[in-house]
Amino acid sequence: MNPATQRFSVRTSRREEYVDITDSVRSAVRAAGVTDGICTVFIPHTTAAVTINENADPDVQRDLVHAFARAVPNTGFHHSEGNSDAHTKTAMTGSSAVVIVEGGQLLLGTWQGIYLCEFDGPRTRQVWVKAVG
Ligand code: ZN
């Protein structure tokens, strides 16, 4: 039998930002007791997403926010809530990421971190982690 899904929440502080959740995912995998297998990180929201990207220079996350703003201006949409840019950025980024677990560690590249992508904050977001061995 596989361990239960681990859940934690993240409080974001801006409308758009990237929050490094690598340590929390690592803790969730540890709590699940999986040392070799696969871990899925899933974001159960329609205006927040997950991605794996550079964790060394914070300018990379700022550049991503600006690049997405240029790519998806919040104009010309129909959705009355007024946040279709956030829905679109979520669709472009994706709701899940998969990481290999080996020897009890997340098998990430040297410069990789796992990020919750907030596109319509600030809000409290949920993160679900399922590790299977
Ligand atoms: Zn909406």
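This is a predicted model: local features need pLDDT of at least 70, side-chain atom pairs count only at pLDDT 80 or more; totals for chains, interfaces and linings use all residues.

Helix 3 went first: Ser84, Asp85, Ala86, Lys89 and Thr90 are buried there. My cut-offs for burial are under 20% relative accessible area for buried, over 50% for exposed and partly exposed in between, with a 1.4 Å probe and protein chains only. Helices (H or I, at least four residues) and strands (E, at least two) are DSSP runs, numbered from the N terminus.

Residues are numbered from 1 along each chain as its sequence is written, and side-chain values use heavy atoms, with hydrogens and water left out.

What do the buried residues of helix 3 pack against? I find strand 4 and helix 2; contact here means heavy atoms within 4.5 Å. Just after helix 3, I noted that Gly94 has a positive phi of about 110°.

I then zoomed in on Thr90, which belongs to helix 3 (residues 84-93). Its relative accessible area is 6%, so Thr90 counts as buried. Leaving out residues up to four places away in sequence, Thr90 touches His45, Thr46, Thr47, Ala48, Ala49 and Phe119. Its side chain also gets to the backbone oxygen of Thr46, at 3.3 Å. That passes as a polar contact: a pair of N or O atoms within 3.5 Å, where within protein one must be able to donate a hydrogen and the other to accept it, and residues adjacent in sequence count only if both atoms are side-chain atoms.

I get an open sheet of three strands in the order 2-7-4, paired antiparallel; two strands pair if DSSP finds at least two bridges between them. Strand 2 (17-20) and strand 4 (48-54) are at the edges with a single partner strand each, so one side of each has no neighbour in the sheet. Twist averages 35° from one strand to the next. Axes are lines fitted to C-alpha atoms, for helices over the stretch in contact, and angles run from 0 to 180 degrees between N-to-C directions.

I counted four bridges between strand 2 and strand 7, and seven between strand 4 and strand 7. Strand 7 is mostly covered, with six of its seven residues buried. Helix 2 lies across strand 2, strand 4 and strand 7, at about 145° to strand 2.

Then the rings. I found three aromatic pairs, taking rings of Phe, Tyr and Trp (its six-membered ring) with centres within 6.5 Å, and calling planes under 30 degrees apart stacked, over 60 edge-to-face and the rest tilted. Phe68 and Phe119 have ring centres 5.7 Å apart and planes at 25°, so I filed that pair as stacked. Phe68 is in helix 2 (residues 59-71) and Phe119 in the loop between strand 7 (112-118) and strand 8 (124-132), so the pair ties together parts 51 residues apart in sequence. Both Phe68 and Phe119 are buried. Ring pairs also join Tyr18, Phe68 and Phe119 into a cluster.

Last stop was Gly133, in the segment after strand 8. Buried or exposed? Gly133 comes out exposed, at 78% relative accessibility.
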